[in-house]
Amino acid sequence: MKRLCWRADNDWRAMKHHKYHAKRTRVGNHWFPSRAEAARYCQLLAAEQSMQIKDLSLQPKVMLAKGIAYRPDFTYLQRDRGATGGWRRIWEDVKGCETPVFKLKLKLWQERMPNQVLKVIKMRSRDVNLWLGIGAVGA
């Protein structure tokens, strides 16, 4: 059964379902393509308010090669636990399903940005509170 949605051009049209069953979710003024990404954003906002992280931004564009851009979901600065105690740039991508395109871009990331940390956060089934884990790529 197709659902209908009202479009801005005053027309009712069939609403398309996402290939991986993601549900578009709104948090504040931002729309996220999945509930998992929205839930992670809320966690990062809480961490930013408690000053554990700073400079949170959404969908930063990273050029991995000529004509190949990658947009992780989030980037922020996190306090480095090393001796210096400075801040370190962290990149994050929330995944429910790893696509072949993502796997290719992950390999490019490892080649082009070996010193940058990319956290890949995986969600189990459709429960946004059950995270499979965080895999960090890079130094």
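Good morning. Please keep in mind that the structure before you is a predicted model.

I begin with helix α1, which covers residues 35-49. Several residues of α1 are buried, namely A36, E37, A38, R40, Y41, L44 and A47. After α1 comes M51, and its phi is positive, near 65°.

I turn now to charged side chains. Side chains of opposite charge can pair when their charged atoms come close. In this structure there are four salt bridges, and I shall discuss three of them.

One joins E92 to R40, with 2.7 Å between the closest N and O atoms. This pair links distant parts of the chain, since E92 belongs to strand β9, residues 87-95, while R40 belongs to helix α1, and 52 residues separate them. Are these two residues buried or exposed? Both E92 and R40 are buried.

Another salt bridge is formed by D93 and K95, whose closest N and O atoms are 3.8 Å apart. Here the cut-off matters: a residue counts as buried when its relative accessible area is under 20%. D93 has a relative accessibility of 2% and therefore counts as buried. K95, at 19%, also counts as buried.

The next salt bridge is that of K122 with E98, where the closest N and O atoms lie 3.0 Å apart. K122 is in strand β10, residues 117-123, and E98 is in the loop between β9 and α2, so the pair ties together parts that are 24 residues apart in sequence. K122 counts as partly exposed because its relative accessibility is 33%. E98 has a relative accessibility of 27%, so E98 counts as partly exposed too.

That loop brings us to helix α2, residues 100-112. α2 has 13 residues, and the distance from its first C-alpha to its last is 19 Å, close to the 18 Å expected at 1.5 Å a residue. Which residues of α2 are buried? They are F102, L106, L108 and W109. These residues cover an arc of only 165° around the axis, and therefore they lie on the same side of α2. On the other side of α2, the exposed residues are P100, L104, K107 and E111.

Thank you for your attention.

Definitions and conventions. Residues numbered from 1 in each chain as written. Predicted model: local features only at pLDDT ≥ 70, side-chain atom pairs only at ≥ 80, totals over all residues. Heavy atoms only, no water. Helix = DSSP H or I, 4+ residues; strand = E, 2+ residues; numbered from the N terminus. Expected span 1.5 Å × (residues − 1). Buried < 20%, exposed > 50% of the residue type's maximum accessible area, 1.4 Å probe, protein only. Salt bridge = Lys/Arg side-chain N within 4 Å of Asp/Glu carboxyl O. Arc of directions from axis to C-beta.
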